[in-house]
Amino acid sequence: MIEFSHVYKTYPGPVHALKNIDLKIDKGEFVFLTGPSGAGKTTLFKMISAYDVATSGGVNVAGYDLAEIKDGQIPFYRRKIGVIFQDFKLLKDRTIFENVALPLQIRGDKTPAIQRRVYEVLEQVGLAHKHDQYPEFVSGGEQQRTAIARAIIHQPGVLIADEPTGNLDPRLSEEIMDLLERVCSQGTTVFVATHDHEMVKRRRKRTLELKEGMIVGDTK
Amino acid sequence: MRPPQKNFALKLTTLIVVTACFVVIGASLLVSKNFRNILTLWGEDVQMTVYLSSDLSEQGRQDIEQYLKDSGQVSDVQLVSQEKALSDFRVQLASYAPDISKDEELLKLIPASLQVKLASNIPASEQSKVLQNLASGLKAKQGVDDVGYGQDWVEKYAAFVSAIEITLQVVGIVIVLASMFVMSNAIRASVQAHRDEIVVLEMIGATTSMIRKPFLKEGALLGVVSSTLAVGLCYGLYVGLKSLVVQRLSFLQLGEHLTFISPVSVVIVIIGGTAMGALGSYLCVRKINDGWAASQRA
Ligand SMILES: Nc1ncnc2c1ncn2[C@@H]1O[C@H](COP(=O)(O)OP(=O)(O)OP(=O)(O)O)[C@@H](O)[C@H]1O
Ligand SMILES: [Mg+2]
């Protein structure tokens, strides 16, 4: 589902953010990405979500060759993946329902189908009763669950989460991780970057360790 | 509970700023247009007197009149015969010097003349040149003694008019550029307020045209509303100033010569304003492409 071969990413400076990355993540796998600050975790996720291109090497996700992808194709590629951020990135002037519905609206789905699917997903993340609330007026954990609902509503093949629990306390973090594992168990490949070593150890999932732009450990 | 509409204040400010810019542009158009009207009006008094020699035949005079008409630069030619000139002269002088008006010898010296009016489509700045050419053509003709047209005054007036026109053009360009700068900043600020939204839309796979469409619509709406408002305000300004000129400066007799920009120009201004608003927004919504800014540590 996600495949990197000999990927290098060099920023002007030069900063060698990624060096000779080789990795392969299968469909339906749950993988953690750890490493100290500046190791290159976000850079790797930027490659996966087509926000940046590798300086050299091949990146293949969900059947798309991201080294060759054209600008016009990127939006359509992004509709095949889901992305979660530390700061949720919800739209303040829209309700939880409206935030979650966005990916389907963009895809051009019909309103009744959107309604049905939004309530289904809100049920799944336990937020059905808050559908008409605005993000500012719900807790951090609920905001992140809204963001997850938005990221999975279109049933993407790949879900990437860059420090999804960075702004949450330990109890809420566990809740969010449970939720991500459930999403994975339904067939979505989930790739999570985190600083939280304790949690990674407890969860006993495949873990990739990055250091200075190189993969220095893979528990597979 | 709906969060307060923070953007409302910004939208209102943008509308006010853009409207103000259009008012400034419209007002300068109006001022320069009416200034030109007045200058042309004052320039219409330019006349030329062609003094005819006393031995000129009827045929000769008609030739000269024909020559003037053929030039296409003349709107009116009036013959002032010697008798008419004499009686005018008598009337004018009678009260000052009753003796002279009886001196038949002196009166024989007063020639017949043609009073020539320039065509009104000749711009004030060209009048001097046109008159010069006509005069030199006429002087070469048999039966023309002299040509007079207040050379000095006409030349100075022409110079004055071209100076004013250049000034109006420079000031106009400066005003338009300054307004466009202010306007583009106002639009950019309102687009910037939607930055988060653009970031999210990009992230979930909205195409560039999907992202731009609402901004195009909003920009076009801003353009229509503000340019229409501006035309309305300019009209109010125009009516107010006109009544002021008519009442307080009635001796200038300018009232009937002041005009508003033509209906066609009004339509052009509104369409142009709409296009400018839409284009401004369109150009401001470039790809932002930094959905990851928040996860980046400095
Ligand atoms: N746009 C950029 N231009 C220049 N250098 C960059 C850019 N983005 C990232 N870098 C550099 O690349 C390296 C890797 O950064 P990255 O953000 O991927 O680290 P990270 O593992 O996500 O760190 P953190 O845990 O702090 O989020 C860093 O040295 C960073 O300064
Ligand atoms: Mg990072």
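Modeller: Helices here are DSSP runs of H or I with at least four residues, strands are runs of E with at least two, and both are numbered from the N terminus. By that count, chain B has nine helices and four strands.

Colleague: In what order do the elements of chain B run from the N terminus on?

Modeller: They run α-β-α-β-α-α-β-α-β-α-α-α-α. Before going further, the conventions. This is a predicted model, in which local features need pLDDT of at least 70 and side-chain atom pairs count only at pLDDT 80 or more, while totals for chains, interfaces and linings use all residues. Residues are numbered from 1 along each chain as its sequence is written, chains are lettered from A and ligands numbered from 1 in the order in which they are written, and side-chain values use heavy atoms, with hydrogens and water left out.

Colleague: What percentage of the residues in chain B is buried?

Modeller: Buried means under 20% relative accessible area, exposed means over 50%, and partly exposed lies in between (1.4 Å probe, protein chains only). In chain B, 37% of the 298 residues are buried. The accessible surface of chain B (Shrake-Rupley method, 1.4 Å probe) comes to about 17400 Å², and carbon and sulfur atoms hold 62% of that. As for contacts (heavy atoms within 4.5 Å), take those in chain B with a separation of 6 or more: 84% are between residues 24 or more positions apart.

Colleague: Which residues of chain B is Ser226(B) in contact with, leaving aside its neighbours within four places in sequence?

Modeller: Ser226(B) sits in helix α8 of chain B and is buried, at a relative accessible area of 0%. Its contacts, with those neighbours set aside, are Leu15(B), Val18(B), Thr19(B) and Phe22(B). Arg36(B) counts as partly exposed because its relative accessibility is 31%. Outside the four places on either side in sequence, Arg36(B) touches Glu165(B), Leu168(B) and Gln169(B). From Arg36(B) to Gln192(B) is 156 residues in sequence and 42 Å in space, C-alpha to C-alpha.

Colleague: Now chain A. How many residues of helix α1 of chain A are buried?

Modeller: Helix α1 (residues 41-48) of chain A is mostly covered, with eight of its eight residues buried. Lys41(A) and Lys46(A) are among the buried residues, as are Leu44(A) and Phe45(A). After α1(A) comes Ala50(A), with a positive phi near 60°.

Colleague: And which residues of α3(A) are buried?

Modeller: α3(A) is also mostly covered: nine of its 12 residues are buried. They are Ile96(A), Phe97(A), Asn99(A), Val100(A), Ala101(A), Leu102(A), Pro103(A), Leu104(A) and Ile106(A). Their cover includes α4 (111-124) and α5 of chain A, together with α7 (195-203) and α8 (208-248) of chain B. Gly108(A), which follows α3(A), has a positive phi near 90°.

Colleague: At what angle do the axes of helix α3 and helix α5 of chain A cross?

Modeller: Axes are lines fitted to C-alpha atoms, for helices over the stretch in contact, and angles between N-to-C directions run from 0 to 180 degrees. Under 35 degrees counts as roughly parallel, over 145 as roughly antiparallel, 65 to 115 as roughly perpendicular, and the rest as oblique. The axes of α3 (residues 96-107) and α5 (residues 140-152) of chain A come within 7 Å and cross at roughly 25°. α3(A) is therefore roughly parallel to α5(A). On the α3(A) side, Ile96(A), Asn99(A), Val100(A) and Pro103(A) meet Thr146(A), Ala149(A) and Arg150(A) in α5(A).

Colleague: Why do residues three or four places apart point the same way?

Modeller: An α-helix has 3.6 residues a turn, so residues at that spacing point the same way.

Colleague: How do the axes of α3(A) and α4(A) cross?

Modeller: They come within 10 Å and cross at roughly 120°, which means α3(A) is oblique to α4(A). Among the residues that meet are Phe97(A) and Leu104(A) in α3(A), and Val118(A) and Leu122(A) in α4(A).

Colleague: Which peptide bond is cis, and where does Pro14(A) lie?

Modeller: The cis bond joins Gly13(A) and Pro14(A), with omega about -5°. Pro14(A) lies in the loop between β1 (2-11) and β2 (15-25) of chain A. Glu212(A) is in the loop between β9 (206-211) and β10 (214-218) of chain A and counts as exposed, at 54% relative accessibility.
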